[in-house]
Amino acid sequence: MNAATTTIRPACPSCKVQGMKWGKDSKGHQRFRCRDCGSTFANRPENPLGNHRLPMDRAILVLSLLTENMSIRGIERVTGHHRDTVTRLLRTVGDRCANLLERLVKDVEVSDVQADEIWGFVGMKQKTKSRKKIADPRVGDSWCWTAIDRDSKLILAHHLGQRRALHADAFMEKVANATAGDFQLSTDGLESYPNAVDYNLGSRASYGQIVKQYGSTTKEDQRRYSPASIIAIEKRVISGEVDEDKICTSHVERCNLTIRTHMRRLTRLTCAFSKKWENLRAAYALHFATYNFVKFHRSLRMTPAMKAGVASKPWKMVDLVTA
C-alpha cells in the first residue's frame, strides 16, 4: 500500500498498543478499540475548552457575562446553564488566562509603574473567621496585589494572597519578570514593600511611596462604607533617582474601581462573594486577561496590550479562549 494513503491509527491511552477501527461516535469521530485490553477510544480533535461540552458560542457568552459584572446565578438564569457548569468553565479558562498572562506579559519596556492592593474575602470576612475560630488560610480576607504601567495602562502582574511580607515578595518577583529595563515605581506606605522591591528589582527601580493620612470615621460612615477623608499626603523617596512629581498611585487605584465594576464577586454588600479561593483566583486572571487584550481603553482608543506592544490588534473573547 502507498505510504501516502496509509491511515495512522492512534495508540491506546492505557497500554499504548495501536487500536483498530471500531465505528464512529455520535458526532462522526472515528472510534478505535485496543487489541490487548479491549478498551475503546475516539480520535477527536482537540477542544480549546478541554472536557467542557458547551458549544463555543455559548461558552463565549458565559465568559463575556462573567467579565461584565454578572453573578454566577444571574448567568444561570439568563443562559440556562447550571451554575456548576459556569463555575467549572470559569476555573478552566481562568487558570489558562493566568498562564497566558505570564507567557505574554513578559519583559515589557516600562518607565512608570504603580502598585497597590485591593481587598476582598472568601467565604466570610476576617472578623467572622476569627469569631468562629476557623484555621483555613484560604478563608477570610484576601488581597490582590496589582501593578500597572502608567503609560499603557497594562496590568503587568497580579498576585492573590495576604497583605504580608511573604506575598509582597512573591508579587514583586512577578513584577520583575514582567518588566524590562529601569523604571520608577510608586506604591502606598505598606511596610512590606521596601524589602521586596530591593530584593527583586534592586537598582532597576527608582522607588517612592505616597503615604496618605486619613481622618477618623464615624460609625455611620463605617456602616455606609463611606471612605475616610484624606487630611495629609506625604511623598517619600525610598531608593534611586526618583522624580517626586511622578510618585502617584491614582492610576492603579482607578484600576481598582474597574476591577470592582467588572467583577461581581467584588461588589460590596451582595451575596455574590467568592466561596472558594480557586474561583476568586480564576476570576481575577480572566478579568486581567480580558482587560489587557480584549477591552478597549477609552483614553487610549486601543487595548492596553496594543499600547504596550504586547499585541498587534484587539482580541475577541474567542481569541482569548483559544490562545
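Throughout this passage, buried means under 20% relative accessible area, exposed over 50%, and partly exposed in between, with a 1.4 Å probe and protein chains only. The model is predicted, so local features need pLDDT of at least 70 and side-chain atom pairs count only at pLDDT 80 or more, while totals for chains, interfaces and linings use all residues. Residues are numbered from 1 along each chain as its sequence is written, and side-chain values use heavy atoms, with hydrogens and water left out.

Both Y284 and F288 are buried. Their rings form a stacked aromatic pair, with 5.9 Å from centre to centre and 15 degrees between the planes; here, rings of Phe, Tyr and Trp (its six-membered ring) pair if their centres lie within 6.5 Å, and planes under 30 degrees apart count as stacked, over 60 as edge-to-face and the rest as tilted. Y284 and F288 are 4 residues apart in helix α9, a separation of about one helical turn; helices (H or I, at least four residues) and strands (E, at least two) are DSSP runs, numbered from the N terminus. A further stacked pair joins F293 and W315, whose ring centres are 4.4 Å apart with planes at 25 degrees. Because F293 lies in helix α9 and W315 in the loop between α10 (304-307) and α11 (317-322), this pair ties together parts that are 22 residues apart in sequence. F293 is buried at 0% relative accessibility, and W315 is buried too, at 17%.

Y284 also belongs to the residues with the most contacts inside the largest nonpolar core, which has 75 residues. Such a core is a set of buried Ala, Val, Leu, Ile, Met, Phe, Trp, Tyr and Cys residues joined through side-chain atoms within 4.5 Å. Helix α9 (residues 277-293) gives the most to this core, with 11 residues. L320 is another of the residues with the most contacts there; among its partners are L286, A289 and W315, contact meaning heavy atoms within 4.5 Å.

Turning to the sheets, 6 strands form an open, mixed sheet in the order β7-β6-β5-β9-β10-β11; two strands pair if DSSP finds at least two bridges between them. β7 (155-161) and β11 (230-239) each have a single partner strand, so one side of each is left without a neighbour in the sheet. Strands β5 (residues 112-122) and β6 (residues 140-149) are antiparallel and share 10 bridges, with E117 facing W145 as its bridge partner in β6. A separate open sheet has 3 strands in the order β1-β2-β3, with antiparallel pairing.

How values were computed: Lists of a residue's contacts leave out its neighbours within four places in sequence.
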